[in-house]
Amino acid sequence: MGERRMYSATQRANSVATIAVSNLAILTGLLALSSLYYENFGHQDPQASARVSTILRYGQIIDFRRQSLEELRITLNLDADFRTLFHWNVKQLFVFVSANFKSPQGSFGVVLWDAIITSPEKAVLHLEGIPTKYPLIAKVGALRGANVTLTFHWSCMPHAGRIAMASTESSFLVVPSEYIDGRRS
């Protein structure tokens, strides 16, 4: 008669692990596809605005290479409700405010403020008069009288799938032609 052979423990563990990983890959793919559908048909864009509250300082600075630069420090009023972006596949949101301007030296974009939002409970922002985390710095003469556009950006970082990014232009600022802190060029 034929001899019956049992599979070894390592063969059984290998089979179980293969089935588990295959099922996880299929579920992850379905999760990513469902998120694409939700992004295209199921959610509303959030309301977000960033406005300049005050100009704290506009003047010249000397950097570590002994180059003369212009620095603009401002405070912002931020209003946003990102709760509509959270769903089953959103791990966190990365939000930031950028300042974009053109000068004779070219076009520039600088991040002024950023934050990571990890839950819908923390997704409503109402911040008034907050100083920017990062100053707006450019070569001397590039900022003077420039039209600066503030843009609110957000990125949805999923558990699985692609990172969705969007933005909205919020407000405009005309940089003064004279330094505010008393220094002159």
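**Close-up views of a predicted model**

**View 1. Leu150 sits in strand E7.**
Strands (E, at least two residues) and helices (H or I, at least four) are DSSP runs, numbered from the N terminus. This is a predicted model, in which local features need pLDDT of at least 70, side-chain atom pairs count only at pLDDT 80 or more, and totals for chains, interfaces and linings use all residues. Residues are numbered from 1 along each chain as its sequence is written, and side-chain values use heavy atoms, with hydrogens and water left out.
Is Leu150 buried or exposed? Leu150 has a relative accessible area of 0%, so it counts as buried. Buried means under 20% relative accessible area, exposed means over 50%, and partly exposed lies in between (1.4 Å probe, protein chains only). A contact means heavy atoms within 4.5 Å. Set aside the neighbours within four places in sequence, and Leu150 still touches residues including Ala50, Val52, Leu76, Leu112 and Ser170. Arg51 is another of its contacts. The C-alpha atoms of Leu150 and Arg51 are 7.4 Å apart, yet the two residues are 99 apart in sequence.

**View 2. Strand E7 pairs with strand E3 and with strand E8.**
Two strands pair if DSSP finds at least two bridges between them. E3 covers residues 90-103 and E7 covers residues 147-158. They run antiparallel, with ten bridges. Look for Leu93, whose bridge partner in E7 is Cys156. Then find Val95, whose partner in E7 is Trp154. On the E8 side, E7 again pairs in the antiparallel sense, over ten bridges. There Val148 stands opposite Leu173. How many of the twelve residues of E7 are buried? Nine are, so this strand is mostly covered.

**View 3. Four strands make an open sheet.**
The order is E4-E3-E7-E8, and the pairing is antiparallel. Why do E4 (106-117) and E8 (164-174) count as edges? Each has a single partner strand, so one side of each has no neighbour in the sheet. From one strand to the next, the twist averages 20 degrees. Angles like this are taken between N-to-C directions and run from 0 to 180 degrees; the axes are lines fitted to C-alpha atoms, for helices over the stretch in contact.

**View 4. Two hairpins show turns with positive phi.**
E1 (47-62) and E2 (68-81) are antiparallel and joined by 14 bridges. Ala50 faces Leu78 of E2. Five residues separate the two strands of this hairpin. Arg66 lies in the loop between them. Its phi is near 65 degrees, a positive value in a residue other than glycine. Arg66 has 75% relative accessibility, so it counts as exposed. E7 and E8 also form a hairpin with five residues between them. In that turn, Gly161 has a positive phi of about 115 degrees.

**View 5. Glu178 lies in the segment after E8.**
With 46% relative accessibility, Glu178 counts as partly exposed. Which residue is 119 residues away along the chain, with its C-alpha atom 8.4 Å from that of Glu178? It is Gly59.

**View 6. Phe82, Trp113, Phe152 and Trp154 are linked into a cluster by ring pairs.**
Rings of Phe, Tyr and Trp (its six-membered ring) pair if their centres lie within 6.5 Å; planes under 30 degrees apart count as stacked, over 60 as edge-to-face and the rest as tilted. The whole structure holds six aromatic pairs. Elsewhere, the charged end of Arg144 sits over the ring of Tyr179, 4.8 Å from the ring centre. A charge sits over a ring if NZ of Lys or CZ of Arg is within 6 Å of the ring centre and within 35 degrees of the ring normal.

**View 7. The whole chain has one helix and eight strands.**
From the N terminus, the order is α-β-β-β-β-β-β-β-β. Of its 185 residues, 37% are buried. Take the contacts between residues at least 6 apart in sequence: 68% of them join residues at least 24 apart. The accessible surface is about 11,700 Å², and 57% of it belongs to carbon and sulfur atoms. Accessible areas come from the Shrake-Rupley method with a 1.4 Å probe; for residues, only the protein chains shown count as cover.
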